[in-house]
Amino acid sequence: MSVATTLVERPPPRVRGWPRSRIIGYALVGFWIAFGLGIVSYLVFAWNADFFAKYAPAYLKGLGVTLSLVAISMVLGAIMSLPVAYGRMSKNRILSGLAYCYVYFFRGTPLLVQTYLVYYGLGSFRVELQAVGLWDFFKDAFNCGVFAFALNTAAYQAEILRGAIESVPKGQWEGAASMGLHKLQTLRKIILPQALIVALRPYGNELILMVKASAIVAIITVYDLMGMAKLAFANSFDIQAYIWVALVYLVMVEILRHAIEWIERRITIHLKR
């Protein structure tokens with residue numbers, strides 16, 4: 001009885017030396033390390049205790065405004081995204097068309113333009129807004145920022161939710177129907193728990209983008225973190241005003257990123273073998 005021998009190909013030889021890609025990679029890493037060390041060195045040698053003592057409380061106040069703006073906008077956007085996502089998935093052409101136009105507009109235009117349209121555009125209709133009792137809301141720059149940000153993130157969250165729901169296999173719906181479950185029960189107990197796992201990372205990315213984009217409201221006289229940095233620089237002409245605010249945003253983003261990764265590991269532990 002003959003035994004067939006299987007020929008096993010040898011792995012390709014290890015690339016030795018310094019190819020161009022490795023040189024470019026090391027050069028870029030070295031550049032960013034040098035840049036970071038330069039920033040740290042500047043902050044150490046140009047440390048201004050008077051500047052820090054004077055403006056640190058204002059930065060903390062601005063940080064609170066930024067966190068409030070982002071939190072309220074994200075919650076309102078999540079609520080508004082539900083009917084928009086339903087419209088996007090609807091077989092009714094009118095509902096689907098309206099939802100598509102909403103998503104198309106708010107995803108296709110800059111957030112800065114949308115904020116201007118709300119803050120300056122609605123201000124042009126003061127008499128009409130006073131007639132319906134809405135002027136007291138829209139005359140506040142913070143409220144206008146929240147409204148514009150909520151409309152913007154609702155469009156993105158609707159697409160995230162729609163994509164996550166449609167990623168769940170149709171067999172889940174069919175299996176639930178065979179057990180006599182209503183569509184709402186199926187959506188709440190079976191589809192959404194699976195869809196939220198898929199949507200967690202995009203939701204996290206949207207939250208991080210909203211934190212960074214929140215600096216836009218400083219242009220419409222909202223004294224958030226960026227607004228306080230602009231005020232500090234206008235009074236001191238010290239570039240540290242913007243360096244410190246950049247570091248604060250960087251810390252916030254890193255905290256959110258690690259928190260999202262931790263949540264993802266916790267809710268997907270049953271998927272790891």
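Author: First, a definition: helices (H or I, at least four residues) and strands (E, at least two) are DSSP runs, numbered from the N terminus. This is a predicted model, so local features need pLDDT of at least 70 and side-chain atom pairs count only at pLDDT 80 or more, while totals for chains, interfaces and linings use all residues. Residues are numbered from 1 along each chain as its sequence is written, and side-chain values use heavy atoms, with hydrogens and water left out.

Reader: What is the radius of gyration of the protein?

Author: Take the C-alpha trace: along its principal axes it spans about 95 × 60 × 30 Å. The radius of gyration is taken over C-alpha atoms, and the globule rule is 2.2 Å times the number of residues to the power 0.38. For a compact globule of 273 residues that would be near 19 Å, but this protein has 26 Å.

Reader: Is threonine 66 buried or exposed?

Author: You'll find threonine 66 in helix α2, which runs over residues 49-89. Buried means under 20% relative accessible area, exposed over 50%, and partly exposed in between (1.4 Å probe, protein chains only). Across the protein, 31% of the 273 residues count as buried. Because threonine 66 has 1% relative accessibility, it counts as buried.

Reader: Which residues is threonine 66 in contact with, leaving aside its neighbours within four places in sequence?

Author: Contact means heavy atoms within 4.5 Å. In the protein, residues 24 or more positions apart account for 73% of the contacts with a separation of 6 or more. For threonine 66, with those neighbours left aside, the list is Ser214, Asp224, Leu225 and Tyr249.

Reader: How far apart in space are isoleucine 79 and alanine 154?

Author: Isoleucine 79 also sits in helix α2, and it counts as exposed because its relative accessibility is 53%. In sequence, isoleucine 79 and alanine 154 are 75 residues apart. In space, C-alpha to C-alpha, the distance between them is 7.8 Å.

Reader: And what does isoleucine 24 count as?

Author: Isoleucine 24 is placed in helix α1, residues 20-45. Its relative accessibility is 45%, so isoleucine 24 counts as partly exposed.
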